[in-house]
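Here is a briefing on one protein model. Look over the sequence and the fold, then read on.

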Amino acid sequence: MSDAATLRKQLKIKTGSAKRLYKEHRMYEKEVEQLKVKLDKFVADNAEEWDVKNTRRMIEESSKMITDSATRLGAVMQELRDLVLAAEHIPELEEDEELVKARETMEEVSV
């Protein structure tokens, strides 16, 4: 395989990984928000202690996953940036579809 074909393939893989990890990261953030609302409701309604403790434990686990997914997303984004920079130096990839998608993903995820 040529360098351009290998780079194109890697761009596609890393772009997909970045999108998936970004989606996962957002999902955990939403989950924590929902669990906090649920916890507040339990506390306001004087729910059983087990429900309150379990909800707090779930919030803690989801918060750990936010940190983990952010770390993994950061690593993939750095790899994607490096690939985009390398691809920009190959004339046949200047307007390649995978390079365009990679740039769009970088913009979307950095928001």
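Which helix does Ile 66 lie in? Ile 66 lies in helix 2. The model is predicted: local features need pLDDT of at least 70, side-chain atom pairs count only at pLDDT 80 or more, and totals for chains, interfaces and linings use all residues. Residues are numbered from 1 along each chain as its sequence is written, and side-chain values use heavy atoms, with hydrogens and water left out. Helices are DSSP runs (H or I, at least four residues), numbered from the N terminus.

- Two packed helices are described by the angle between their axes and the distance between the axes.
- Axes here are lines fitted to C-alpha atoms over the stretch in contact, and angles run from 0 to 180 degrees between N-to-C directions.
- Helix 1 and helix 2 pack at about 160°, and their axes are 8 Å apart.
- That angle makes helix 1 roughly antiparallel to helix 2 (angles under 35 degrees count as roughly parallel, over 145 as roughly antiparallel, 65 to 115 as roughly perpendicular and the rest as oblique).
- Helix 1 passes helix 2 in a left-handed crossing (the near helix is turned anticlockwise from the far one by less than a right angle).
- By class, this contact of helix 1 with helix 2 has 25 nonpolar, eight polar and nine charged residues.
- In these classes Ala, Val, Leu, Ile, Met, Phe, Trp, Tyr, Cys and Pro count as nonpolar, Asp, Glu, Lys and Arg as charged, and the others, Gly among them, as polar.

**Helix 2 with helix 3**

- Helix 2 covers residues 49-88 and helix 3 covers residues 97-110; they pack at about 140°, with axes 10 Å apart.
- That makes helix 2 oblique to helix 3.
- The crossing of helix 2 past helix 3 is left-handed.
- From helix 2, Leu 73, Met 77, Leu 80, Arg 81, Val 84, Ala 87 and Glu 88 meet Leu 99, Ala 102, Arg 103, Thr 105, Met 106 and Val 109 of helix 3 (contact means heavy atoms within 4.5 Å).
- Nine of the residues in the contact of helix 2 with helix 3 are nonpolar, one is polar and three are charged.

**Helix 1 with helix 3**

- The axes of helix 1 (residues 3-44) and helix 3 come within 9 Å and cross at roughly 25°.
- Helix 1 and helix 3 are therefore roughly parallel to each other.
- Helix 1 passes helix 3 in a left-handed crossing.
- On the helix 1 side, Arg 8, Leu 11, Lys 12, Thr 15, Ala 18, Lys 19 and Tyr 22 make the contact.
- On the helix 3 side, Glu 98, Leu 99, Lys 101, Ala 102, Thr 105, Glu 108 and Val 109 make the contact.
- The contact of helix 1 with helix 3 divides into six nonpolar, two polar and six charged residues.

**Nonpolar cores**

- The largest nonpolar core has 19 residues; Leu 11, Met 77, Leu 80 and Val 84 touch the most other members.
- A nonpolar core is a set of buried Ala, Val, Leu, Ile, Met, Phe, Trp, Tyr and Cys residues joined through side-chain atoms within 4.5 Å.
- Helix 1, helix 2 and helix 3 each supply at least two residues of this core.
- Helix 2 gives the most to this core, with seven residues.
- Another core, of eight residues, lies apart from it and includes Leu 35, Leu 39, Phe 42 and Val 52.
- Not counting residues up to four places away in sequence, Met 77 touches Ala 18, Met 106 and Val 109.

**Buried residues**

- Ile 66 counts as buried at 18% relative accessibility (buried means under 20% relative accessible area, exposed over 50%, partly exposed in between, with a 1.4 Å probe and protein chains only).
- Ile 66 touches His 25, Tyr 28, Glu 29 and Val 32, not counting residues up to four places away in sequence.
- The C-alpha atoms of Ile 66 and Glu 24 are separated by 8.6 Å, with the two residues 42 apart along the chain.
- Tyr 22 lies in helix 1 and is buried, with a relative accessible area of 15%.
- Not counting residues up to four places away in sequence, Tyr 22 touches Leu 73, Glu 108 and Val 109.

**Exposed residues**

- Asn 46 sits in the loop between helix 1 and helix 2.
- Asn 46 has a positive phi of about 50°, although it is not a glycine.
- Asn 46 counts as exposed at 68% relative accessibility.
- Lys 64 is found in helix 2 and is exposed, with a relative accessible area of 53%.
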